[in-house]
Amino acid sequence: MTDQTTTLDFSDGSPAVTFPILTGTVGPEVIDIRALYGKTGRFTYDPGFLSTASCNSKITFIDGDKGELLYRGYPIEELATRCDFLEVCHLLLYGDLPTPAQNADLQSRVIKHSMVNEQMQFFLRGFRRDAHPMAVMTGLVGALSAFYPDSINLHDAHQRDISAIRLIAKMPTLVAMAYKYSVGQPYMYPRNDQGYAANFMRMMFATPCEDYKPNEVLVRAMDRIFILHADHEQNASTSTVRMCASSGTNPFAAIAAGVACLWGPAHGGANEACLNMLYDIEREGGIAKIGEFIARVKDKNSTVKLMGFGHRVYKNYDPRAKLMRETCHEVLSELGLHDDPLFKLAMALEKIAVEDDYFVSRKLYPNVDYYSGIVQKAIGIPVSLFTAVFALARTVGWIAQLNEMITDPEYRIGRPRQLYSGAARRSVIPLAQRA
Ligand code: SDX
């Protein structure tokens, strides 16, 4: 924090008002305008929050110009290659990487909470088998709050910690259940002798009919996908979780709100939309048709977007996209799919786009969703489940951000105001007299 200030002058002769400027560890300073309305009777106006810092956070930092992503100060490149997902969960939740003892404790706590109440399976039966997994997940995650009355008080640190472990532990089980339900296979229970990612792969792909041994390269890739999606500052779904929790509702309900928001194709739903885009181009003729597709993207009369490209914050390469592309190579090579036509198409499309002025001038680069679909498809995860996997991974980030908000002395219920441009006050004319 510094003693810098800025002053707002008004052309109508209203008195000038001075505001403090706050400085963080790194990144843009902020103008503390909390007193603005009280001093001027005016609001700021910032739809989409392009110039608004909604909170003071210590968790994640993005430098969009440099293409840098830090979780609690550690570069994503180092975390994704030197840690596993539960170590990153410890970092995000508690502020630092775990010691071996802390790591073993967290692994043990999570694995022992990975089963869900047997009643949960009856919620699934209410859905059609072809229900979108995100519709199922929105319902199941919210329903968890009905099973754990001992961990729904948001203002009790111990209950918040238990609900955090329960959510991190049960999301893989619920996502796998949503998948098994969609294919009509029996649910597979988690095993206490398996790691987090291996357990998820087992619950997804094993059946009671034979032993299942996950491929270690694919398990590592799955774990890395979780790490890359774990948190990302105040994105739409995280802001939704913060806003929802600010009313004091329970953690499960707040995370369910985040799941619902993530579903959108402009946000977490982009990985599913990106793979479907690649399928469409492939069906139209593949690499030979990229030029026509790009022309449609540039056509202002079309609503076609290059899914998996562009980002509100990154105006350079999303570092997660680079790591995801490397993971793509590893997985496709391991599976002998290095000639995978979709991967070749995606790389050709990326090469053309990043050299095309339309994208260069708008600073549109691949984001985390561009390659994640190809990796997940190669691992065997169905396209419709991609965003549910994203929600699984982002749950720890949502919880860490929720906890930070609840313990922030400056926290209050979120209640933005507006610029009103509707009808001025008027009286009701009785129905019989209306023209
Ligand atoms: C995620 O916020 C996060 O951190 C999100 C996320 C996370 O980890 O939580 O990173 C995860 O959501 C990644 C983003 C996934 N979404 C997509 O890949 C969908 C495609 N991308 C776009 O919808 C868009 O880029 C957004 C939504 C990501 C960002 O939108 P902005 O910041 O509001 O930018 P914009 O829509 O105002 O675009 C600026 C210009 C516009 O052109 P002009 O009006 O200036 O001529 O760029 C164009 C847009 O039309 N543009 C695109 C484009 N993205 C932006 N044109 C074609 N294809 C695209 N993908």
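Visitor: Which element gives the largest share of the lining of the second largest cavity?

Guide: This is a predicted model, in which local features need pLDDT of at least 70, side-chain atom pairs count only at pLDDT 80 or more, and totals for chains, interfaces and linings use all residues. Residues are numbered from 1 along each chain as its sequence is written, and side-chain values use heavy atoms, with hydrogens and water left out. A cavity is a set of points, on a 1 Å grid over the protein atoms alone, where a 1.4 Å probe fits but cannot get out; lining residues have an atom within 4 Å of a point. Helices (H or I, at least four residues) and strands (E, at least two) are DSSP runs, numbered from the N terminus. The answer is α7, which supplies three residues of that lining. Both α6 (133–143) and α7 give at least two. Among the lining residues are F127, R128, Y181 and S182.

Visitor: What volume does the second largest cavity have, and how do the residues of its lining divide?

Guide: A volume is the space filled by probe spheres set on the points, which are joined across faces, edges and corners. Here the volume is about 40 Å³. For the lining, Ala, Val, Leu, Ile, Met, Phe, Trp, Tyr, Cys and Pro count as nonpolar, Asp, Glu, Lys and Arg as charged, and the others, Gly among them, as polar. The lining holds six nonpolar residues, one polar and two charged.

Visitor: How much space lies in the largest cavity?

Guide: The structure holds two cavities of 30 Å³ or more, and the largest has about 120 Å³ of space. Its lining has 15 residues, of which V116, T173, M177, Y187 and Y189 are the closest to the centre. The division is 10 nonpolar, three polar and two charged.

Visitor: In what order do the three strands of the open sheet lie?

Guide: Strands of a sheet pair through backbone hydrogen bonds, either parallel or antiparallel. Two strands count as paired if DSSP finds at least two bridges between them. In this structure the order is β4-β5-β6, with antiparallel pairing. β4 (60–63) and β6 (74–75) each have a single partner strand and stand at the edges, so one side of each lacks a neighbour in the sheet. Four bridges join β4 to β5 (residues 68–71); D63 has E68 as its bridge partner.

Visitor: How is a pair of aromatic rings described?

Guide: One gives the distance of the centres and the angle of the planes. Rings of Phe, Tyr and Trp (its six-membered ring) pair if their centres lie within 6.5 Å; planes under 30 degrees apart count as stacked, over 60 as edge-to-face and the rest as tilted. The whole structure has 15 aromatic pairs. For F123 and F147 the centres are 6.1 Å apart and the planes stand at 85 degrees, so this pair is edge-to-face. F123 lies in helix α5 and F147 in the loop between α6 and α7, so the pair ties together parts 24 residues apart in sequence.

Visitor: Is F123 buried, partly exposed or exposed?

Guide: Buried means under 20% relative accessible area, exposed over 50%, and partly exposed in between (1.4 Å probe, protein chains only). F123 has a relative accessible area of 38%, so the residue is partly exposed.

Notes. 1 Å grid on protein atoms, 1.4 Å probe; cavity = no way out; pocket = protein on both sides within 12 Å on 5 of 7 lines; lining within 4 Å.
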